[in-house]
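Biologist: I am new to this structure and would like a short tour. Could we look at it together?

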Amino acid sequence: QVQLVESGGGLVQPGGSLRLSCAASGFPFSTKVMSWYRQVPGKQRELVARILNVNNTNYADSVKGRFTISRDNAKSTVYLQMNSLKPEDTGLYYCNVVHWGFYWGQGTQVTVSS
């Protein structure tokens, strides 16, 4: 079965950096678009970034120039490097894949606060 396991969240000061990881299994990882979403209480889950390959990535306007999504197909892992973090980046970050349905990990909390 499809499994997505996120890690790497935490508490960081504004201007700091974090690197999220999502280890995937149960589907042909290298052929699938992988995405990161985030959710804040009371708001809809929003797309942060998605990747098919290094030449095919998309970012939310709010994170362009600060976040970088990447993947290692040999490790079936997708990453989200987050730099210059802002308090408004705070949220629960989810890994997502569409493979005969939508699949989500359990999420990893990112808190940006001084």
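Biologist: To begin, how many disulfides does the structure hold?
Modeller: Please keep in mind that this is a predicted model. The structure holds one disulfide.

Biologist: Which cysteines does that disulfide join?
Modeller: The disulfide joins C22 to C95, with an S to S distance of 2.2 Å.

Biologist: Where do C22 and C95 lie in the chain?
Modeller: C22 is in strand 3 (residues 18-25) and C95 is in strand 9, so the pair, 73 residues apart, links distant parts of the chain.

Biologist: Are C22 and C95 buried or exposed?
Modeller: Both C22 and C95 are buried.

Biologist: What is the handedness of the link?
Modeller: The link of C22 and C95 is left-handed, with -85° about the S-S bond.

Biologist: Let us change topic. How many aromatic pairs are there?
Modeller: The structure holds four aromatic pairs. One of them is formed by Y37 and W104, whose ring centres are 4.9 Å apart.

Biologist: Why does the pair of Y37 and W104 count as edge-to-face?
Modeller: The planes of the two rings are at 75°, and planes over 60 degrees apart count as edge-to-face.

Biologist: Which parts of the chain does that pair tie together?
Modeller: Y37 lies in strand 4 (residues 34-39), whereas W104 lies in strand 10 (residues 102-104), so the pair ties together parts that are 67 residues apart in sequence.

Biologist: What is the relative accessibility of Y37?
Modeller: Y37 has 14% relative accessibility, so this residue counts as buried. W104, at 33%, counts as partly exposed.

Biologist: How are the rings of F102 and W104 arranged?
Modeller: Their centres are 6.4 Å apart and their planes are at 25°, so the pair of F102 and W104 is stacked. F102 is exposed, with a relative accessible area of 54%.

Biologist: Which residues do ring pairs link into a cluster?
Modeller: The cluster consists of Y37, Y94, F102 and W104.

Biologist: What sits over the ring of Y94?
Modeller: The charged end of R45 does, at 3.8 Å from the ring centre of Y94. Elsewhere, R19 lies over the face of Y79, 4.0 Å from the centre of that ring.

Biologist: Now the surface. Which residues make the nonpolar patch?
Modeller: V98, F102 and W104 make a nonpolar surface patch of about 290 Å².

Biologist: Where is V98?
Modeller: V98 lies in strand 9 (residues 91-98). With 41% relative accessibility, V98 counts as partly exposed.

Terms used. Residues numbered from 1 in each chain as written. Predicted model: local features only at pLDDT ≥ 70, side-chain atom pairs only at ≥ 80, totals over all residues. Heavy atoms only, no water. Phe/Tyr/Trp six-rings, centres within 6.5 Å; stacked < 30°, edge-to-face > 60°. Helix = DSSP H or I, 4+ residues; strand = E, 2+ residues; numbered from the N terminus. Buried < 20%, exposed > 50% of the residue type's maximum accessible area, 1.4 Å probe, protein only. Lys NZ or Arg CZ within 6 Å of the ring centre and 35° of its normal. Patch = residues over 30% accessible without salt bridge, like charges linked within 9 Å, V, L, I, M, F, W, Y side chains within 5 Å. Areas by Shrake-Rupley, 256 points an atom, 1.4 Å probe, with all protein chains shown as cover. Salt bridge = Lys/Arg side-chain N within 4 Å of Asp/Glu carboxyl O. Disulfide = S-S within 2.5 Å.
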